[in-house]
Amino acid sequence: TTKVYDQFYSWDNTTAAITASGGRYQCYQVFKGTDNIRYFILNPVTNHLIQFEATAPNSMKPLLSGIATVAPEIKINNVDSTRTEVIASLQEAGLDNFIDQYEMQMSLS
């Protein structure tokens, strides 16, 4: 199944890949009071954050706090460069970007 957010993740972090992986990942919903502010998916062995989504930019800080209660140290790969609000929230939370990755394309004609 393809989800709306799949476009922002590398192929190995899409919903279909997560589903195909069996029970490797854990999915959590985060609430602020009674409001669901979205979810995150984590590999509990590596603390790799597979997917994370907030309902709005101002919900990113509570989402990151929710993630920290499960995994005080996390790794995030391949944040889409068009998601400037997400990147700003991650930097504001103290996460460091130490590698930039660029898409490479080649025409196969």
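This is a predicted model: local features need pLDDT of at least 70, side-chain atom pairs count only at pLDDT 80 or more; totals for chains, interfaces and linings use all residues.
How many nonpolar, polar and charged residues are found in the lining of the largest cavity? The lining residues divide into six nonpolar, two polar and two charged.

**View 1. The largest cavity is lined by ten named residues: F8, Y9, F52, I76, N77, N78, V79, D80, R83 and V86.** About 70 Å³ of space lies inside the largest cavity. The structure holds one cavity of 30 Å³ or more. By class, six of the lining residues are nonpolar, while two are polar and two are charged.

**View 2. The largest pocket has a volume of about 960 Å³.** Its lining is made up of 24 residues, and those closest to the centre of the pocket are N77, N78, V79, I99 and Q101. Twelve residues of this lining are nonpolar, seven are polar and five are charged.

View 3. Two elements, β3 and α3 (84-92), each give two or more residues to the lining. The largest share comes from α3, which supplies four residues. The lining of the second largest pocket divides into seven nonpolar, three polar and three charged residues.

**View 4. Three strands form an open, antiparallel sheet in the order β1-β2-β3.** The edge strands are β1 (26-32) and β3 (48-54), each of which pairs on one side only. From one strand to the next, the twist averages 20°. Helix α2 (residues 60-70) lies across β1, β2 and β3. The helix α2 runs at about 45° to β2.

**View 5. Strands β1 and β2 (residues 35-43) run antiparallel and are joined by seven bridges.** Several facing residues can be followed along this pair of strands. C27 has I41 in β2 as its bridge partner. V30 stands opposite R38 in β2, and K32 stands opposite D35 in β2. The hairpin of β1 and β2 has two residues between the strands. Within this hairpin, G33 takes a positive phi near 70°.

**View 6. Strands β2 and β3 run antiparallel and are joined by six bridges.** Y39 has E53 in β3 as its bridge partner. The two strands form a hairpin with four residues between them. In the turn of this hairpin, N47 has a positive phi of about 60°.

**View 7. One aromatic pair is found in a search of the whole structure.** The pair consists of Y28 and F40, whose ring centres lie 4.8 Å apart. The planes of the two rings meet at 15°, so the pair is stacked. Y28 belongs to strand β1 and F40 to strand β2, and the two residues are twelve residues apart in the chain. The pair thus links distant parts of the chain.

Key. Residues are numbered from 1 along each chain as its sequence is written. Side-chain values use heavy atoms; hydrogens and water are left out. Two strands pair if DSSP finds at least two bridges between them. Axes are lines fitted to C-alpha atoms, for helices over the stretch in contact, and angles run from 0 to 180 degrees between N-to-C directions. Contact means heavy atoms within 4.5 Å. On a 1 Å grid over the protein atoms alone, a cavity is a set of points where a 1.4 Å probe fits but cannot get out, and a pocket is an open set with protein on both sides within 12 Å along at least five of seven lines; lining residues have an atom within 4 Å of a point. Grid points are joined across faces, edges and corners, and a volume is the space filled by probe spheres set on the points. Ala, Val, Leu, Ile, Met, Phe, Trp, Tyr, Cys and Pro count as nonpolar, Asp, Glu, Lys and Arg as charged, and the others, Gly among them, as polar. Rings of Phe, Tyr and Trp (its six-membered ring) pair if their centres lie within 6.5 Å; planes under 30 degrees apart count as stacked, over 60 as edge-to-face and the rest as tilted.
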